[in-house]
Amino acid sequence: MHPRAMEAGSESVFRLLEALGHVSRFQIVRALCERERHVSDLAVEVGLSQSCTTRHLQSLERARVIHTRRVGKRVLAALALERPEIAQVVGWLRGAPMPEGSADAARPRPSRPARARRRRAAAIDPPAG
């Protein structure tokens, strides 16, 4: 993005970067680069619960990064490609390789219960060291 364009729309750019600053929201946007998706499909893809995914989508919608629409009982999410800065980010995401060492960041985090089980197991049987 051109620096002057960034100055003119700095609030908009700030909101976009703030929205993409969370790993889960970044993963959701990356998944939406390909096509419009159902919330439940996104949840599975990024490894989050449906309610957590919905909260992230609400945040992205408030930042005007995505649009949602209801089809029957399901909610579809799509990127707001009519906004030039969103289209520019999507172009970058489609063409840019993931940064080196980011494989772990792109991997979905285990669910909250799985993390809790691991912590309990570690507390009961600490690793030998």
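Which residues does V65 touch, not counting residues up to four places away in sequence?

**View 1. The surroundings of V65.** In this predicted model, V65 touches L16, A19, V29, L60, L79, A80, R83 and I86. Residues up to four places away in sequence are not counted. Contact means heavy atoms within 4.5 Å.

Some notes apply to every view. Residues are numbered from 1 along each chain as its sequence is written, and side-chain values use heavy atoms, without hydrogens and water. Because the model is predicted, local features need pLDDT of at least 70 and side-chain atom pairs count only at pLDDT 80 or more, while totals for chains, interfaces and linings use all residues.

**View 2. The whole chain.** The protein chain has 8 helices and 3 strands. Both are DSSP runs, numbered from the N terminus: helices are H or I with at least four residues, strands are E with at least two. Along the sequence the pattern is α-α-α-β-α-α-β-β-α-α-α. Of the 129 residues, 31% are buried. Buried means under 20% relative accessible area, exposed over 50%, and partly exposed in between (1.4 Å probe, protein chains only).

**View 3. The largest nonpolar core.** This core holds 21 residues. A nonpolar core is a set of buried Ala, Val, Leu, Ile, Met, Phe, Trp, Tyr and Cys residues joined through side-chain atoms within 4.5 Å. L57, L60, V65, I66 and L79 touch the most other members. At least two residues each come from α2 (10–20), α3 (23–32), α4 (39–46), α5 (50–62), β3 (74–79) and α6 (84–95). The largest share, 4 residues, comes from α3.

**View 4. The open sheet.** The 3 strands run in the order β1-β3-β2, with antiparallel pairing. Two strands pair if DSSP finds at least two bridges between them. β1 (37–38) and β2 (66–71) stand at the edges with a single partner strand each, so one side of each has no neighbour in the sheet. β1 and β3 pair over 2 bridges. H38 has L76 in β3 as its bridge partner.

**View 5. Helices on the sheet.** α3 packs on the sheet and touches β1, β2 and β3. The direction of α3 makes about 85 degrees with that of β3. α5 also packs on the sheet, touching β2 and β3, and its direction makes about 125 degrees with that of β2. Axes are lines fitted to C-alpha atoms, for helices over the stretch in contact; angles run from 0 to 180 degrees between N-to-C directions.

**View 6. T53 in α5.** T53 is found in helix α5. T53 is buried, with a relative accessible area of 0%. Leaving aside neighbours within four places in sequence, T53 is in contact with I28, V39, L42, A43, V46 and L48.
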